[in-house]
Amino acid sequence: MSENVKIISSRVLSDNWGKLNKVKYETQLKDGSWQTQEREVYNRGNGAAILLYNKARQTVILTEQFRLPTWFNGNADGMMIEAPAGLLDEYDPEECIRRETEEETGYTVTDIKRIMEVYMSPGSVTEILYFFVAAYSDAMKTGDGGGLDKEQENIEVLELNFDKALKMIYSGEIKDAKTIMLLQYAQIHSLLNP
C-alpha cells in the first residue's frame with residue numbers, strides 16, 4: 001500500500017451483495033502537502049468477461065438479460081446485450097470465465113486468451129474486470145446456457161454477425177462497456193479476419 005494515503009476512518013454503509021463503505025482519508029499531493037477527502041467505496045469483488053468468436057461464420061456470442069440498475073437510469077425495458085461475464089468468487093479469472101461461459105452460453109471453450117484487466121469505474125468501485133477472448137465452434141456446444149436457476153438468471157444466448165454487433169454499438173442497442181471494449185478489441189486485432 002502507498003505511503004501517500006492514510007485512512008482516517010471507514011464506516012460500513014451496506015453489507016449485502018457487496019460492501020459499501022464511507023471512507024475518510026488523507027492523500028499526499030505532488031507538492032508534499034496533505035489533503036483530506038471523503039468518498040464512498042463499493043467492493044463487489046472482481047470479475048471476468050469473454051468474447052466468443054467464430055471466424056468461419058463471422059459471428060460472436062453475446063447474451064441478453066434484464067439489468068435493474070439500467071432500468072432505473074432510463075433503459076425502458078431494462079434489457080442489456082452483453083458479453084458473458086461473472087464475479088470471480090473463489091475462482092481465478094480463467095476458471096471463472098470458463099464456468100460462466102458454460103453456464104450462460106452452453107459452450108465449453110478450450111483455448112482462451114487473457115487480453116487485459118481493467119478498473120471499470122475507478123472513482124467508486126473496487127472491481128477489476130479480467131477480459132478474455134476465445135474461438136468457438138458448434139462442437140463446443142455442450143449445454144443450453146441461459147444461466148443458473150438458483151441465481152435467478154434468465155439469459156438469452158445471441159449469435160450475432162460480427163459487423164452487425166459493431167453497428168449495434170453505434171445504434172445504441174449495445175451500451176455495455178465491457179462488451180463494447182471486447183468487440184472493439186476484436187476489430188482492432190482483426191480476430192475475425194479469415
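This is a predicted model: local features need pLDDT of at least 70, side-chain atom pairs count only at pLDDT 80 or more; totals for chains, interfaces and linings use all residues.
An open sheet is formed by 3 strands in the order 1-2-3, with antiparallel pairing. Strands of a sheet pair through backbone hydrogen bonds, either parallel or antiparallel. The edges of this sheet are strand 1 (5–15) and strand 3 (34–43), each of which pairs on one side only. On average, neighbouring strands here are turned by 15° against each other, direction ignored. Strand 2 (residues 19–28) and strand 3 are joined in the antiparallel sense over 10 bridges; Tyr25 has Gln37 of strand 3 as its bridge partner.

The largest nonpolar core comprises 28 residues, and Leu51, Val60, Leu62, Val133, Ile174, Leu182 and Leu183 have the most contacts inside it. Among the elements that give two or more residues to this core are strand 4 (47–54), strand 5 (59–66), helix 3 (162–171) and helix 4. Another core lies apart from the largest one and has 16 residues, including Ala48, Leu52, Ile97 and Ile112. In soluble globular proteins, nonpolar side chains tend to be buried together.

Helix 4 (residues 177–188) has 12 residues and reaches 16 Å from its first C-alpha to its last, close to the 16 Å expected at 1.5 Å a residue. Its buried residues are Lys178, Thr179, Ile180, Leu182, Leu183, Tyr185 and Ala186. Just after helix 4, Ser190 adopts a positive phi of about 50°.

Conventions:
Residues are numbered from 1 along each chain as its sequence is written. Side-chain values use heavy atoms; hydrogens and water are left out. Helices (H or I, at least four residues) and strands (E, at least two) are DSSP runs, numbered from the N terminus. The expected span of a helix is 1.5 Å times one less than its number of residues. Buried means under 20% relative accessible area, exposed over 50%, partly exposed in between (1.4 Å probe, protein chains only). A nonpolar core is a set of buried Ala, Val, Leu, Ile, Met, Phe, Trp, Tyr and Cys residues joined through side-chain atoms within 4.5 Å. Two strands pair if DSSP finds at least two bridges between them. Axes are lines fitted to C-alpha atoms, for helices over the stretch in contact, and angles run from 0 to 180 degrees between N-to-C directions.
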